[in-house]
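Please open the model in your viewer and keep the selection panel at hand.

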Amino acid sequence: MIRAKISGVAGFVPEDRLTNEMLSQMVDTNDEWIFSRTGIKERRMLKGEGLGMSYMAEQAVRLLLEKTNTKPEEIDVVICTTITQDMLLPSVANLVCYRVGMTNAWGFDLQAACSGFLYGLETVTKFVESGKYKKAILISGDKMSSIIDYTDRNTCVIFGDGCGAVLVEPTEENVGIMDSKLYSDGSGWQYLHIKAGGSAKPSTMDTLMAGEQYVYQEGQKVYVNAIKNMADVAIEVMERNHLTADNIQWLVPHQANKRIIESTRERVGLPVEKVMVNIQNYGNTTNGTIPLCLWDYEKQLKKGDNIILASFGGGFTWGAIYLKWAY
Ligand code: COA
């Protein structure tokens, strides 16, 4: 049986930082409120004329190819998960293939909000398991600063910019992506969405004046659903694979809010030291959080480690993936 394994991970976060202190000069908030409610200290901001999501994706992919000694022409397929494409068309995947010289690859963008990395990993896994694709790249990230209203304290304290990328290859060893369970419930759309700029309500001067190009969020509703669903699905995948706190090495939760991470950890029954957390440095980078955790913790991972990835996000979308680290 061919399995798909992650054989390399890389990331890119912009240099510019937006600290809680800086935010407290912009809106009515303070470091104590932000840190105690979300666990965030600072986020990264991509600045520079004309730089969009594809810029971060390109940097992450170049590093990934260099780290894994892979030539751009060896890549067969590229999937990018993001909610902040440079433009509505073409796709970020398409732009990155061109810029990096992945001339034998085709690719596309996939949208599942904060669950994008999991939806993307499931998709890329099936491509690789089919035997047809030997080297696939999954890019996940967002330039959230492009869709956040920096006068709205309900949202501007949470989100940041960043991007991760993984190389996925076939293996006949007993490592790699072992199991997954993904969910979606479109009735949750009303609690987290962008009101204008899509086909239902194209942008006009009125929508722009009303700020409808920015993320709209009912934080409490999202919070309650995230707490329940992220832990439920992680437990579902653990139970059916006979995984317990003793034989799991890492939980990698979507970094939306430290309290959501903490509550998931408690329900799953893992000690703090088995949970990847970097929300304090980057905030919620939406599609970027899980690959950026893998990137930050890569040195601590060992071949054969049992890892549970879990996410919850807009849509609603949520899920969990069980993988055995492959290197
Ligand atoms: N600074 C200071 N006060 C703030 C604030 C800020 N940045 N944002 C909101 N407040 C105020 C509110 O106005 C409210 O004041 P009131 O009681 O006088 O009305 C109070 O703080 C509590 O607001 P509430 O929305 O109940 O806070 P909360 O504890 O739910 O925290 C979130 C807000 C957004 C941090 C939290 O709901 C959350 O993280 N939700 C999930 C978001 C998420 O994960 N989104 C991404 C999708 S995965």
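The tour starts with how to read the model and then moves from one selection to the next.

This is a predicted model, in which local features need pLDDT of at least 70 and side-chain atom pairs count only at pLDDT 80 or more, whereas totals for chains, interfaces and linings use all residues. Residues are numbered from 1 along each chain as its sequence is written, and side-chain values use heavy atoms, with hydrogens and water left out.

Select 3–173 as domain 1 and 178–324 as domain 2, bounds that come from an automatic or database domain assignment. Their C-alpha centres lie 14 Å apart, and between them the domains bury about 3,700 Å², 61% of it on carbon and sulfur atoms; buried area here is the accessible area (1.4 Å probe) that two parts lose on being put together, summed over both. Next show Cys114, Leu118 and Tyr119, which supply 18% of the area that domain 1 buries against domain 2, more than any other three residues.

Now select Lys67 and Glu298, which form a salt bridge with the closest N and O atoms 2.7 Å apart; the term requires a side-chain nitrogen of Lys or Arg within 4 Å of a carboxyl oxygen of Asp or Glu.

Finally, show Leu23, Ile148, Tyr150, Cys156, Ile308 and Phe312, which touch the most other members of the 43-residue largest nonpolar core, a set of buried (under 20% relative accessible area, 1.4 Å probe, protein chains only) Ala, Val, Leu, Ile, Met, Phe, Trp, Tyr and Cys residues joined through side-chain atoms within 4.5 Å. This core draws at least three residues from each of domain 1 and domain 2.

Technical notes:
Buried < 20%, exposed > 50% of the residue type's maximum accessible area, 1.4 Å probe, protein only.
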